[in-house]
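Q: Let's go through this model with the ligands in mind. Before we start, how do you define the secondary-structure elements?

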Amino acid sequence: MHVQHCIVSAPGKAILHGEHAVVHGKVALAVSLNLRTYLELKATSTGKVSIDLPNIDTSLSWDVSELKLLVSDSFAKPEETKQLDAELLRRLREFVGIADGNLDTRGMATLAFLYIYLSSFGSGELPSLSVSVWSELPTGAGLGSSAAYSVCLAAALLTASGAIPAPLKHSVGTSRWCQEDMELINSWAFQGETIIHGNPSGVDNAVGTWGGMLRFLSGKILPLSRVPLLRILLTNTNVARSTKVLVAGVKDKRNKFPSIINPVLDSVDAISCTCEKTLAEMTSEPITSEHYNVLEELIDINQSQLNVMGVGTPVSGHPLTGAGGGGCGITLLRPETEPSVVESTVQDLRDCGYECWETSIGGPGVQQHHPSSVKPGVMEHLGAR
Ligand SMILES: Nc1ncnc2c1ncn2[C@@H]1O[C@H](COP(=O)(O)OP(=O)(O)O)[C@@H](O)[C@H]1O
Ligand SMILES: C[C@@](O)(CCOP(=O)(O)O)CC(=O)O
Ligand SMILES: [Mg+2]
């Protein structure tokens, strides 16, 4: 089987409110960032499947003939599968030698790739191909790099297998899939996230697939079209942490102290709803400093609730995003903040050893690109080795 060359990308995310609580059926508000993960898939005739992941310094390849042995005869088509196939995952863990509970960065990325590759092609012939993935996002820092990675894998491999059509019809530009195809991409990205996170809510892969700002509740995705332009400063505390461990820790705490943690989760739900209402007001009436006061207070209250859950910030004064416990923090900048003030704040934080940058939000969801339409520099990273 010969597959088509393709390049796809998906954005990272910032969760404004509702991280962790969203895993327990509460509302989260999340927004895509203008920082993306890019994937290039090439057909090869080497009889091998190769993966190149420069962000995590990983290059691996396997013989197609060996991978074929992992596929059972009763393999369903990717469009018919909705649940994670625990037996396939067990066989894959054995094949690559990664025990359940292993949190190794490479191991999780490899398992997610091989799982989606086999699921996409396993009902037919397995093709020889190479995939390289490079991201502008820091890995494991709360900005949804795992979801952007999973969305890219799902989009490229489902397209290459013919489960969904390639949206790019011309030899230039950038295109997106139709709603139905994005739902399939999202459901496969969720499986990738499940391999990496253990128990994801699905909010990150939804933002990676659809982009923009979303309200997410128990798998229901509501795009928010009326949102003000927000300026955000991202600060990477460079404190390493594992989403999987942090998510499991909140679950344990909730099981141990349900009467204490359940009201905290309800409070976070109310914070998300109040934030959503405030953002809507900011688009229907003149924006006042009181709107920003409310948004800032909500960030402070949310951070206190995350501290109660045990996933707050290890660095005082930096409200965190994503799973917390380290990684990146977000700071809302008021529109009137002078560039000189932002610059000196960024410099102060850099002097303390943090990475810090202002970013715009609301980047588009998953896309297919013609090579000529990819941002300068990205192709070099993808083909760096
Ligand atoms: N660009 C990438 N290349 C390879 N693996 C990636 C990449 N981005 C993310 N991953 C996978 O996702 C994991 C990080 O996910 P996670 O702990 O959820 O952090 P976050 O999603 O906040 O960045 C990494 O350990 C790795 O397995
Ligand atoms: C903590 C959580 O709400 C977000 C995790 O985000 P990240 O992987 O840390 O970027 C978990 C989830 O929603 O699946
Ligand atoms: Mg993640």
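A: They are DSSP runs numbered from the N terminus: helices are H or I with at least four residues, strands are E with at least two. The model is predicted, so local features need pLDDT of at least 70 and side-chain atom pairs 80 or more, while totals for chains, interfaces and linings use all residues. Residues count from 1 along each chain, chains are lettered from A and ligands numbered from 1 as written, and side-chain values use heavy atoms without hydrogens or water.

Q: OK, ligand 2. Which elements each supply at least two residues of its shell?

A: Strand β1 (6-17) does, and so do helices α6 (203-210) and α7 (243-256).

Q: Which residues come nearest to ligand 2?

A: K13, G144, S201, R241 and A323, out of 19 residues around ligand 2. A residue counts if one of its heavy atoms lies within 4 Å.

Q: And why does ligand 2 lie between the domains?

A: Because both domains give residues to its shell: domain 1 (5-226 + 364-382) and domain 2 (230-361). The bounds come from an automatic or database assignment.

Q: What are the distances from ligand 2 to R241, H197 and G144?

A: These are polar contacts, meaning N or O pairs within 3.5 Å. For R241, a side-chain N or O atom is 2.6 Å from a ligand 2 oxygen. With G144, a polar backbone atom is 2.9 Å from an oxygen of ligand 2. H197 uses a polar side-chain atom, 3.0 Å from an oxygen of ligand 2.

Q: How much of ligand 2 does the protein bury?

A: The protein buries 98% of the 380 Å² that ligand 2 exposes alone. Areas are Shrake-Rupley, 1.4 Å probe.

Q: Switching to ligand 1. Which residues come nearest there?

A: T105, G140, G142, S145 and H197 come nearest, among 20 residues around ligand 1.

Q: What do N55, A141 and R241 do with ligand 1?

A: N55 puts a side-chain N or O atom 3.2 Å from a nitrogen of ligand 1. From A141, a backbone N or O atom lies 3.5 Å from a ligand 1 oxygen. R241 has a polar side-chain atom 3.4 Å from an oxygen of ligand 1.

Terms used
A polar contact is a pair of N or O atoms within 3.5 Å; within protein, one must be able to donate a hydrogen and the other to accept it, and residues adjacent in sequence count only if both atoms are side-chain atoms.
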